[in-house]
Every structure is written in C-alpha cells, then in structure tokens.
Amino acid sequence: MSYILNRILSMLLTLFLISAITFAVTNILPGDVAMMIMGTQSNPEALEGLRRSLGLNDPLLVQYWRWISGMLTGDWGTSLVFKEPIGPLILQKMTASAMIVVFSMTIALTCAVPLGVWAAMHPNKWQDTTASSAALLGVSLPDFFWGIMLILLFARWLGWLPSSGFVDPREDFLLAARHALLPSLALGLGLMAHLTRMTRATMTGILNQEFIRVARAKGLGERTVVWNYGLANAVGPVMTVAGLQVGYLFGSIIVIESLFNYTGMGWLTYQALLNRDIPLIQASVFVIAGVVMLANLIVDLLYVLVDPRIRLS
Amino acid sequence: MKLPAAFRSSKGLIGAVLVLMILLVAIIAPLVIPPDMATQMDMRARLSPPTLAHPLGTDQLGRDLMYRVLLGAHTSIYIATAAVLMSIVIGLPLGLISGYVGKTTDNILMRLVDTLLAFPALLLALTISAVLGPNLQNTIIAIGIAFTPFLARIIRGEALRVAQMPYVEAARTAGNSDTRLIVRHILPNIMPAVIVQSTISLAFAILAEAGLSFLGLGTQPPDASWGLMIQASRDYLDRAPWTALVPGAAVALTVLGLNMFGDALRDALDPRARKGAT
Amino acid sequence: MPDGSPLVSIDNLRVEFRGEDGPIVGVEDVSFSIKPGETVCVVGESGSGKSVTSLSLMRLVEFGGGRIAGGKLEFARDSGVLDVADADPEIMQQIRGNEIGMIFQEPMTSLNPVFTVERQMTDGLRLHRGLSQSKARARALELLKQVRIPEPERRLKQYPHELSGGMRQRVVIAMAMACEPRLLIADEPTTALDVTIQAEILALIDRLKRETGMAVLFITHDMAVVAQMADRVVVMFRGNLVEEGPVEQIFTNPQQDYTKALLAAVPRLGEMRGKPAPEPMRLVGQSPVEADLKPARKPEPLLEVQNLTTRYPVKGGVFRRPVANVHAVEDVSFTINKGETLALVGESGCGKSSCGRSILRLTEPTSGKVLLDRTDIIAMNDRDLRRRGWRDMQMVFQDPFASLNPYMRLKDQVAEPLMNYGLASGSELKDRIATLFDHVELPRSFMTRFPHELSGGQRQRIAIARALAVNPKLIVADEAVSALDVSVQAQVLNLMMELQSEFGISFLFISHDMAVVERVSHRVGVMYLGRLVETGSRAQVFENPQHSYTRSLMSAVPVADPTRKTIRDDLNFRPIPSPVFPLGHEPGPSEYTEVAPGHLVLKDNKT
C-alpha cells in the first residue's frame, strides 16, 4: 500500500517538474504571444498594451503561477491558430490518438511476445536468427518509412485501405477503424520489432536461471518450462518496457499522424509547433508528458499484481 | 582490449563494414562530388526512374537522387555524431557526479533526469528545434539535449556499480585523490557501457534527424538530407516510389549497420553479458 | 534388481561443450557406479567436471550447450537397465523428478519467484503421479513435514522470497523427494549456505537417505562435507577421475598425489589443539613454509577498537529518507597486538565485514574509536585519512575477480600506493615493484600483464602485493581466501603467515570458515548480530568455548575426518533474527564476563 502511495506522491512531484520544464522551454521562444496575435506589422504601443493586458511583462514566476493555476482549474486558454479553447481541443484529439496508440500497442504485443519467446527458446538456431534479424531490421527503419511503404502497398497499389484522414468512431466505427489501421500498423511495426528484441533478451536471461533448471529436473516438459515457468517471470519486465514505449509512441505519432493526416494529438502538436502557437504548445507538451507518466504509473501498479516480491514487501 | 571480439561475430563484422562504408561516403562524398551535381535540375528527366544517366533516378525537380543521397550521408552522419557527442559531453559528467557523489546531488539530478525522460525524446527535440528555429546547428542541439537524460541515467548506473567495486575501494586506500579515482579507475570501467550506448544512440540520432527533417523542423533546404528527401517524395509516391525508397534505404542501412555493430559491441563489452564463464 | 548390481553405472563418459574455437571438453573420461542406498561423493575443485557429470546423468547438460560425446550412463529402472546417454527426451522427462531427483547450489534462485510453494511442489506430483490438486497438496504437506519445515500449511501459500535460504533449500529438497526417487543428485547443495544451516541440510539429506533407502550422488568441493556424508568418494580433476574408493580409505590412505595434496590443503577443525601459535600448512610437493608466529613475550597493542558501532539507514518514501536502521556493528571492542592475527568469525550478516570496513572507514562508523598505534582514525578528516590513515592499514577483498582494475597493468596497480604516498619513484619504484612481486611469489614477467590473464589465486597475490606496498602495520583481510579453491587457499594462507613472520604485520582476518580461522589466528572474536559475543586467544575460544552461539557454531562445522561424524539429526539452530531496528532504537551496551584472563563472553540478555 505504501508502495502505491509513494508512487503516486512521486508522480505528483514529477508532474510539477514537468510543468516547470515545459514552461521554461517554451518561454525561451523568440517573439511572443502578443506579436503572434497582432502580427509583426502592428504598432508598438498597441502591442505593449496587449502585452500588459496578457501579463507578459510580469516576472516569469508570476506568469508560471498564472499558467499552472489555469491548467489546474481547467482554464487552458485559447489556441492562437485554431481560435478555440484549448481544453476541449486537446481532449478531442487525445481520444483520436488513444485509438491508434492502443491499436498499435495491441498489434505489437500480440506478435512480439510469442516471437521473442520463440527466439529465446532456440538460441542461435535458425528460429532465433530469423526472428532476431527481422526485429533488427524493424528497429532500423524509421516509422514514417514504414508508413510510406504501407501507403504504397495498401492504399495505392492494393487500394484496400484509406491513406489519409480521421473519422470519429462515434459516427462510423468501421470506417474509423479503417482509417486508423494504417497509422497503427506504421507505429506498431517498429514497436513490435523493439518489443521482440526485449522479450527475447528477457526470456534468454530467465531461461538461464536456476529455477528453470530445477523445473526441468522435475521432469516438466519444455513447453511448460518455457511458456509457464519462464513467461510468468517475463510478464513484469516486458510490461515495463511496453509502458516505457508509450513515450516513444507519443513521439512517433507526431510524424505518423502528419503523414496520414490523422488529426490526433500528434498532428495538433505539430501544427502548434509549426505555427508557434505558444499556449497550445505548452498545453500539448504538458499533457503528453503527463499521459506518458500516467502510463508508466499504471504499469508500475500492474507490476504489483504480477510480481509477489513487490506485492508482499 | 575486448574490442576485437566485437568483430568476430558475423553480425559485428557486417555492421562494422556497413558503418565504415557509410562513414567513408559521408567524409569523401562532399570532397569529390561538386555541390551543384546535387542541385542541378535536369528538367527533361523529372521523376525519372533509374537510368544510365541517373542510376538511382531523379526527384520532382529532376535532381539526381544518387548524388543527393550520397551528399545526404554527410548531413545525417554529421548531425547524428555531433548530437551524440553533445549528449556525452553533458551526460557523462552529470551521470558521473550523480553516481559518484550520491546523496542529495544524486537525488536532485536524477529527479530532473526522470522528469526529462517523461517527455518523448522526439517531442522534446521537435519542441527545442521549433523554439530555437530549425536549422542544422539547432537540430544538433535539439537531438543532443533530447538524448542526454538517457545517457546520464545509464552512466549514473554504471558509475554506481563501478564505484562500489572492490578495486575502486582498494584504489582509495592506495591514496588516490577523487579526481584520479574517477579518471583512472571509474571512467575506464564505464567506457564500455558508454561506447555501446553511443553506438545505439547514433542509430537513434540518425532516425531522429530523419524524423525532424521529414517534419520540416530539422535540416532545411538546400542542404541535402535523407529525411527531407523522403518528405519531398510524399506527393509522388505512386508515380515515382524510388524517390522514397532510395533515401529510406539509406537511412535503414546506416541504422542497421550501427545497430548490428552496437549489438555485437554489447555482447563483447558488457560486463553483465560476459558473466558465467565457468 | 539383483542384489549388489549398481543403480547407476557410468562408463567412459565424455562431455563436450560448444566453444568459439571448436568443442571444449567438460568431462574427458569418467567411470564409476552408484549402488542402491549408498552416498557417493564426487569431489573436485572448480573446472574438474564434477557438476557436468551430474547434469549428464539427468541429461540436463544439453540445455547448457553441452553434448554427451561418448560413453554410457546406465540407470537401472524397474523395467530394466536404460542407457540415459541415448534415451528419448520423453523417457528422460519420465525419469527426471520421478526416478531421479536433483537439488542445486543456489537455494535463493532455485525456486520460481512468481509461483507459490504449493504450485511448485504439486506440479511434479500431478505430472508423474497423476494426482488431483487436493491429493497433490496433501502429499506436498506431508513432504514439508518430512523435511521439517515449521508451519508447513502456511508455507504452501507463501512465495519463495518470504522464506529464508535454509527453508528454500528444504523446499527444493522436498520437491526433489516428491516422487520418492531412487537416486537424489545434490549439486553443491550447501555451498551457498551458512555453516549452521549447512549442518541442518546435510543432516536432513542423510536422514532422508536412511529413511527412504535412496542413493545419493553428492557433488561438492568441500572435503569436510565429503568426510561427513560419503560412503564412497570419487575424486575428479580437470574432467578426469583421479581416484575412487570407500571414504575411510580415501582419507586415511589416498593413493594418488592429487588426492594427497587436496587433503593436505584442508584445515581440520581441532587439529591445532594444544599448539601455541598459528602454523603454515604442510603442502604435498612443496618445501615446508618457515614462519615463526609465536606471540611476543610482551605484546604491544597496535589496533584498539573501542565501542565501534555502525548502522546503515534503510531508506524509503518519496524523498528516500531513512525509515529504519540496520544495526550492522553494535558496540564492538577489541585489540590487535603487533605481529598478531585476530580473526573475526561469524555467519553472513553478523557484521564482521562491516566491522572491518568501518575500521578502514570504507564505511563510516556511527560511533566509537579506532586507534591505530594510538592515532585516532575516526577523528581524521578525509585528507588525513588518505595521507596517513591508509598509509598504515590496507585491505584485501574477497572476490579476486573484482579486486583488480581490469583496465590497468598489474605493475601500475601495485605502483599506485607507492607513488601516491611518495614512497618510491623512478628506478627505485621499479625495483620496489619487482621485490613485491617476489614477496608474493609471482614471476616478474607478470608485471606487464592485465588481470584477466591471471588465475584467481594469482590475482589475490597481486591484491596482497598492492596492500603490502606501503609497508602497512595492519592488513584487513575480508574473506580473502573464501573464493579460492582449497589448494590455492592453502598457498595464499601460507603466504600471509610467511609475510607476517617476516615483516611483523598484524592481520584482522575476517572469515566464516572456522577451520581456517583456527589455523591462522592468535586471537579470535566471534560475532553474532553485530555484537562480539566471545573473544579470547585461539586456544580459549576453540578449546573452551563459553558462549552458546560459539558452541553451536563449532558443533555445526563439518570436520574433514570420516571417523569423527558431526552430522546429527537433532541439530536445531536458532534462526538469526533481523538486525533492522526502528529509528532511534538504542540497544544497551555490550557487557562481558571475563571467564579467564583475556577471555571475554557477552552477558546474554543483550542479544
């Protein structure tokens, strides 16, 4: 129990630091919000007036306090590019992104775990060489290259799936899924390769442990030894790595969503960055870092369920 | 000392050869290829498939893809190497201090590093690049900063592990100063991990640079960059898939070579992978 | 099965492993047999192939990259004799855990950490006996009772990390016994355990063997364990069988030089009785080492440790603040005289290493005084400690593979203290290093080598040379010979005794091995739960132990003499309580009764 409490307290502290770093980084921006709103040709006095009314002349700490208390009370400001309140905008885009993140993680895990275990079962044999080489190639290709290949194959040549756009699943779930499939695959392939490598390494370590030898000495079949005794120990570490990959995914969606014109969180962040929409950049970066941290917290809490050593300490 | 072992596996050898080839290209190409070869527009051969005149085809402006991809090697390798060097220069002292001094210093530094790790590396790099204004130098800074927390974490772990080794304690009682202890005893023993991590980071940096340039927040035209080339190919995919395939393959080969060599290096150097010889 | 026919007969076994440059031979040519109901001990030093032999019998070598390249491994089953060497994998699965049970060295890692004890104990029963879960559970309970685990019902529900090392090994043994195997293979089952727990486990295996009539193949490196356990002994060396015979014959009349040398290198508890001073061991094939270690007529104190206390914080919470303290060393006082050795003995976690480290301030003590030649070490600041403190005392560590910097040449590692303390430079430095190499009996050609080119014993000699370089008055040897093979251990011990008589160095000799301690020490301190429970001269402590803990420790030590069986089934040692206390806990001071001049025994209400 105290473990969980500690993790949550520690998360809140990190969240505070995340907000501070986000604010600090975005405030190095040359040019300011006032100029973004009024344009570069506006007259200096009007500009100064707007600055004063926006509080841009206040000390940074005061500005930070205003921003963070706004974030905490739900007043996230208005996007300069989209001219919309930021809160609902991010919520909507986050939902769109959650769909492809969950899709790609599911695709990656369902393929990577068996593949990695299979490779670890036959170290240095053809099974291992094949799986490991494929995984190595997989981690060596940029996601957007996967994306382009998928577009070529499934959209342009085979014409099975749409190559661009986002459809709200509440309107037409099937169509939404068809639109989400290619971006998810593009994200999932690299992830799958990475997780395969991790699973293989973890399982190789586990299969060299004494308790595996003991299990064999009991006369248990190799299938039980690997898939039962071995895998039960790999669940925790693989889950942790998968959790860490959520961070990687939220980096990759910026590229992939732009490539597929999939209007999710990545696409939104990219628009914010391109247009130097400072309030939107701050909010997006903060939210993404927060979500990534939350994902890791959830993994840590799930770890408690799969590993009695933490559960009972 | 153990380095040659990395070349003994076929994986390490192939990786090393690939990396060496690309390094040579990156260094030699700008010296022997006149810069205008990559910018010269052959208007009669726009989006031309591979021909004798253009062995790897041309892009939408009729520029020769072979020259562009060869010159792009220089940009990619230069940015990636500089960025990784930068992350080592910052991350190595940070990690060493954190691991060696410990206590409050360690707590504060690692809390900071953990916070930075919560930001996806690509997002951090993109934000920094956007904030500073995208150009070659800022791309290096962006990737360098984004990679530093990883490296600092790994070096701290290694420094912690090495600092409590009996040989370091023996060296303390042998009258070594803290500086000498770090330079002569700790640093050499964490170098294997640093080398392995740097190789892997290089691979990631190549990917990151391609990603940044692909989004227009990295290398800017007219510099040739693989990411930019892939970006430009997007609109001509069905007519001229080679415009994407050529730079894509270049990225893949480079990263693959680095990853293969990195894997082999880890197998050969990593003290944790070397255990259990009896 | 006709009477007298063997249960197992191994003929010309040869095992090879895949190596980078072709096959590596693990076992070259080994033949021996095991009769029903007897205990055969296979003994040898590291690399002898003893474990590989036992793994081959289970056909488990294949999982470690090995291959049975030749020979026969005949095992008498009910249905007839089977050659295990080329049996089907399916048949091997029927045999493993059913007809042959096996236990391994590391009880801490032998059990699957994420499954309950019940699950791990019952799956073999369900597989081999086709029992239902409830019947398998009942049998598991019965087995836990048979191996005498306290509160067996509760253990079934527990996970391995909730059990102590000794209990885990009992669970592993119970698991191996589940299907009443006819042969139990025990591969160094007590090497990782403390001596009192070792005694209990050895007694347990011996009792189970007598109760069930199974045969035992016992793999060990420890001649004392062999003497206690074996009916017959097989001595192995570098993949070959050296000698085989009944245990009494091997110990009283060994035929082969290797066996003789091995036996000579083993210190036997009690053999120093009545001797006034430590004596180097007489090793076969080596000229006897001369060392006069008689204590001085007027002893001069060198190291005075007064009320030394060391506590480590246990950190927790978001800000990693101390939440409890490990009381590693608790009010310990003793004196070491010039030119003498004081040994600290005790089981793991008793605080003996922390005590040694605190004296050198590699670990900062919480309170107390350490006087070296009347200079207060604790009062020194970092600079003084580096300039003067360590100039007079040095340390030799346990793990020879971790105590030398892998990236520095040996001569540079030995030269460091000389240069740092300004003791030598230029050509003098070279001479000093060469002399130090001579002192530790290593060829001067080793000077330019790197640590990985040396064996464990050679590395430990370099560590001693490095410690010797500053001409220290005191060397703290923290389990300095524990990781070495017994013949190498004897040589390094002799070297240390020789250096002591030559240079008059004092040693603080920290060890868990009572027999070694008896051999090398002038004075002995027994530690338990951070306290010194008994201290006195070697003769006082070993020949007239007064504290109950000292006595139980002595009774648990196996003796390398088959005519003196110390393994008894009625052993029941008190488990060592936890040394973790809440913040602010202040236990009382250590108070002693002086039973004889210099022989102090802790008054017991304090532990």
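What percentage of the 607 residues in chain C do buried residues make up? They make up 51%, where buried means that 20 or more other C-beta atoms, placed from the backbone, lie within 10 Å of a residue's own.

## Ground rules

This is a predicted model, in which local features need pLDDT of at least 70, side-chain atom pairs count only at pLDDT 80 or more, and totals for chains, interfaces and linings use all residues. Residues are numbered from 1 along each chain as its sequence is written, while chains are lettered from A and ligands numbered from 1 in the order in which they are written.

## Chain C overall

Chain C holds 19 helices and 23 strands (DSSP runs numbered from the N terminus: helices are H or I with at least four residues, strands are E with at least two). Its C-alpha atoms fill a box of roughly 75 × 55 × 55 Å along the principal axes.

## Domains of chain C

An automatic or database domain assignment sets the bounds: domain 1 (1–99 + 183–266), domain 2 (108–180) and domain 3 (302–559 + 577–606) of chain C. Between the C-alpha centres of domain 1 and domain 3 of chain C lie 37 Å.

Across that pair, 15 residues of domain 1 of chain C are in contact with 14 residues of domain 3 of chain C, contact meaning C-beta atoms, placed from the backbone, within 7 Å.

## Where chains A and B meet

Here 38 residues of chain A are in contact with 33 residues of chain B. On the chain A side, H10(A) gives the most, with eight residues.

Definitions and conventions: A residue is buried if 20 or more other C-beta atoms lie within 10 Å of its own, exposed if 12 or fewer, and partly exposed in between; C-beta atoms are placed from the backbone. Two residues are in contact if their C-beta atoms, placed from the backbone, lie within 7 Å.
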